[in-house]
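I opened this notebook to keep track of what I looked up in the structure. The entries follow the order in which I went through the elements.

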Amino acid sequence: MKAYAIVQERVDDQAMFDAYRKDVVATLPPFGGRFVVRGGAMTVLEGEAPYPRLVVIEFPSRAAAEGWYRSPDYQKLLPLRLNSSKGNFYIVDGAE
């Protein structure tokens, strides 16, 4: 079953975040990850969106998604995201 990494965020330090964005792409292929949504225009139809940026990354399985997040390559980049943005990060199972 596919799984998705979903991030809602607000970028506070664009230069640092750009360094993260540039290098994060290379961490995905070993885990079968691919961007489905990467921050495009968003329209809120119901409720509130406390963070204006949304990212969705598809993985072939939860194990792959969690493996990517815990991988040494991603963990090296993670401080750049954490220090340049504020938000929520989820891993969610897809529908069968």
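Entry 1: I began with a predicted model, in which local features need pLDDT of at least 70 and side-chain atom pairs count only at pLDDT 80 or more, while totals for chains, interfaces and linings use all residues. Residues are numbered from 1 along each chain as its sequence is written, and side-chain values use heavy atoms, with hydrogens and water left out.

I looked up what the buried residues of helix 2 pack against, and found strand 1 (3–11), helix 1 (14–24), strand 3 (53–59), helix 3 (72–84) and strand 4 (85–93). I noted that helices (H or I, at least four residues) and strands (E, at least two) are DSSP runs, numbered from the N terminus, and that contact means heavy atoms within 4.5 Å.

The buried residues of helix 2 (residues 62–70) are A64, A65 and W68. Seen down the helix axis, these buried residues fall within an arc of 100°, so they line one face of helix 2; the arc is that of the directions from the helix axis to the C-beta atoms. On the other side of helix 2, I found A63 and R70 exposed. Here buried means under 20% relative accessible area, exposed over 50%, and partly exposed in between (1.4 Å probe, protein chains only).

**Entry 2: helix 1.** I then listed the buried residues of helix 1, which are F17, Y20 and V24. They fall within an arc of 55° when seen down the axis of helix 1, so they too line one face of their helix. A15 and K22 are exposed on the other side of helix 1.

**Entry 3: the core.** I looked up the largest nonpolar core, which has 16 residues, and noted that Y20, V24, I57, F59, W68 and Y74 touch the most other members. A nonpolar core is a set of buried Ala, Val, Leu, Ile, Met, Phe, Trp, Tyr and Cys residues joined through side-chain atoms within 4.5 Å. Strand 1, helix 1, strand 3, helix 2 and helix 3 are the elements that give two or more residues to this core. Not counting residues up to four places away in sequence, V24 touches F35, R38, W68, Y74 and L77.

**Entry 4: how helices pack.** Helix 1 and helix 3 pack at an angle of about 150°, with their axes 8 Å apart, which makes helix 1 roughly antiparallel to helix 3. Axes are lines fitted to C-alpha atoms, for helices over the stretch in contact, and angles run from 0 to 180 degrees between N-to-C directions. Angles under 35 degrees count as roughly parallel, over 145 as roughly antiparallel, 65 to 115 as roughly perpendicular and the rest as oblique.

For helix 2 and helix 3, I found an angle of about 65° and axes 6 Å apart, and that makes helix 2 roughly perpendicular to helix 3. In this packing, W68, Y69 and R70 in helix 2 meet P72, Y74, Q75, L78 and R81 in helix 3.

Entry 5: Which residues does R81 touch, not counting residues up to four places away in sequence? I found E9, F17, Y20, Y69, Y74 and F89. R81 counts as buried, at 7% relative accessibility, and its C-alpha atom is separated by 5.9 Å from that of F17, 64 residues apart along the chain. E9, in strand 1, is buried with a relative accessible area of 3%.
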